[in-house]
Amino acid sequence: MRRLSKSAYGEVYHQGSNQGFVVTPQGVLAVDTPERPIQAVKWREKIIDGFGPIRHLVNPHHHGDHIAGNFYFPGVEVIGHELLLPLYDVTVNAWYSPARLERMKQIDPDSVWLVNHPASPPNPPTRLYRDRLDLVLGDVRIEILHFPGHTPEETHVYLPDERVMFTGDNIFYQSKIYLQDCDPWQQIESIRRMESYDVEVFVPGHGEYFFDKRYLQEEITIIESWISFVEGLVKQGLSLEEALKDPVPADVDPYAPGQGRVDASPRINDINVRNLYRRVKERESAVGV
Ligand SMILES: [Zn+2]
């Protein structure tokens with residue numbers, strides 16, 4: 001864990017994804033949670049012990065690695081974009097499905113006893129926003145902002161006075177990018193919009209903190225090369241099944257998956273191509289190519 005500014009802290013070495021929190025005179029606002037229940041409860045205890053009660057938790061989007069930890073913050077108000085709520089139940093039910101619990105016995109046995117535990121009920125977002133939500137907690141201003149891209153409901157948390165931005169999964173810093181649900185052109189637009197914010201420290205959804213805005217352009221370039229690769233497959237007239245067999249050239253995305261996602265590359269390639277193939281096709285028929 002690292003202190004990033006007067007009030008903000010981040011953690012980028014848990015399994016799967018990143019978290020952070022903001023300490024205010026009116027309690028702690030948490031940003032995201034660890035995906036593994038045992039790490040989520042330890043993270044919660046560490047925050048409460050060192051910084052006081054947690055009052056709010058912001059969910060950046062609906063993917064399981066970002067909302068499965070809600071269960072372990074009982075009684076904490078969860079904040080999210082209004083498009084997240086309809087996806088909450090189906091996502092957490094899949095995340096904690098019987099098949100996945102069987103797998104957890106192998107890959108994460110310390111967490112098994114915490115799943116379906118009465119002390120940890122589901123905790124869907126109850127405070128929903130559409131465009132933005134501005135909080136003033138004591139002397140700390142917190143902007144909860146809609147940056148659609150990685151998902152339609154993607155949410156950033158920005159501290160204008162401390163120049164810290166939590167970017168959700170619009171950014172995978174030096175870590176292989178997941179594009180399984182994105183509108184890639186909208187994601188590029190959102191990353192361009194980030195360039196206009198005064199930021200000293202970015203906390204991406206995955207990968208390490210970064211301090212240099214030039215990475216925003218690098219991320220755009222990676223998304224653009226994914227789009228060009230899949231456009232090439234579509235232009236050759238390949239079906240989706242044929243396109244999925246085409247190996248993804250190593251230079252499309254130069255980074256390996258981060259944070260314990262070892263051996264995830266083939267699966268990420270598969271889900272990225274599936275989504276982008278559909279998006280490219282839809283765009284073609286919309287513009288009548
Ligand atoms: Zn995600």
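Predicted model: local features only at pLDDT ≥ 70, side-chain atom pairs only at ≥ 80, totals over all residues.
Visitor: Why is P109 called exposed?

Guide: By definition, a residue is buried if 20 or more other C-beta atoms lie within 10 Å of its own, exposed if 12 or fewer, and partly exposed in between, with C-beta atoms placed from the backbone. P109 has 10 other C-beta atoms within 10 Å, so it counts as exposed.

Visitor: What makes helix 1 (37-51) close to the expected span?

Guide: The expected span of a helix is 1.5 Å times one less than its number of residues. Helix 1 has 15 residues and reaches 21 Å from its first C-alpha to its last, close to the expected 21 Å.

Visitor: Which residues of helix 1 are buried, and what covers them?

Guide: They are P37, Q39, A40, V41, W43, R44 and I47. Their cover includes strand 3 (19-24), strand 4 and strand 5 (54-58). In general, an α-helix has 3.6 residues a turn, so residues three or four places apart point the same way. After helix 1 comes G52, with a positive phi near 100 degrees.

Visitor: What makes the phi of D32 worth a look?

Guide: D32 is not a glycine, yet its phi is positive, about 70 degrees. Most residues other than glycine have a negative phi. D32 is placed in the loop between strand 4 (27-31) and helix 1.

Visitor: Is D32 buried or exposed, and how do you know?

Guide: D32 has 30 other C-beta atoms within 10 Å, so it counts as buried.

Visitor: Which other non-glycine residue has a positive phi, of about 50 degrees?

Guide: Q259 does, and Q259 is in the loop between helix 7 (240-245) and helix 8 (265-287). With 18 other C-beta atoms within 10 Å, Q259 falls in between the two cut-offs, so it is called partly exposed.

Visitor: What do the buried residues of helix 8 pack against?

Guide: They pack against helix 5, helix 6 and helix 7. The buried residues in question include N272, V273, L276 and V280. Helix 8 has 23 residues and reaches 32 Å, close to the 33 Å expected. Just after helix 8, G288 takes a positive phi of about 70 degrees.

Visitor: Which residues of the largest nonpolar core touch the most other members?

Guide: A nonpolar core is a set of buried Ala, Val, Leu, Ile, Met, Phe, Trp, Tyr and Cys residues joined through C-beta atoms within 7 Å. Of the 50 residues in the largest one, F21 and A30 touch the most other members. Helix 6 (residues 214-235) gives the largest share of this core, five residues.

Visitor: Which residues is A30 in contact with?

Guide: Contact means that the C-beta atoms of two residues, placed from the backbone, lie within 7 Å. Leaving aside neighbours within four places in sequence, A30 is in contact with F21, I47, I54, H56, L57 and F73.

Visitor: How is the chain divided into domains?

Guide: There is domain 1 (2-214) and domain 2 (219-287), with bounds from an automatic or database domain assignment. Their centres, taken over C-alpha atoms, are 26 Å apart. The contact takes 20 residues from domain 1 and 20 residues from domain 2. On the domain 1 side, helix 5 gives the most, with four residues.

Visitor: Why is the chain called as compact as a globular protein of its length?

Guide: The chain has eight helices and 14 strands. Its radius of gyration is 19 Å, close to the 19 Å that the globule rule gives for 289 residues, so it is as compact as a globular protein of that length. That radius is taken over C-alpha atoms, and the globule rule is 2.2 Å times the number of residues to the power 0.38. Buried residues make up 39% of the 289 residues.

Definitions and conventions
Residues numbered from 1 in each chain as written. Helix = DSSP H or I, 4+ residues; strand = E, 2+ residues; numbered from the N terminus.
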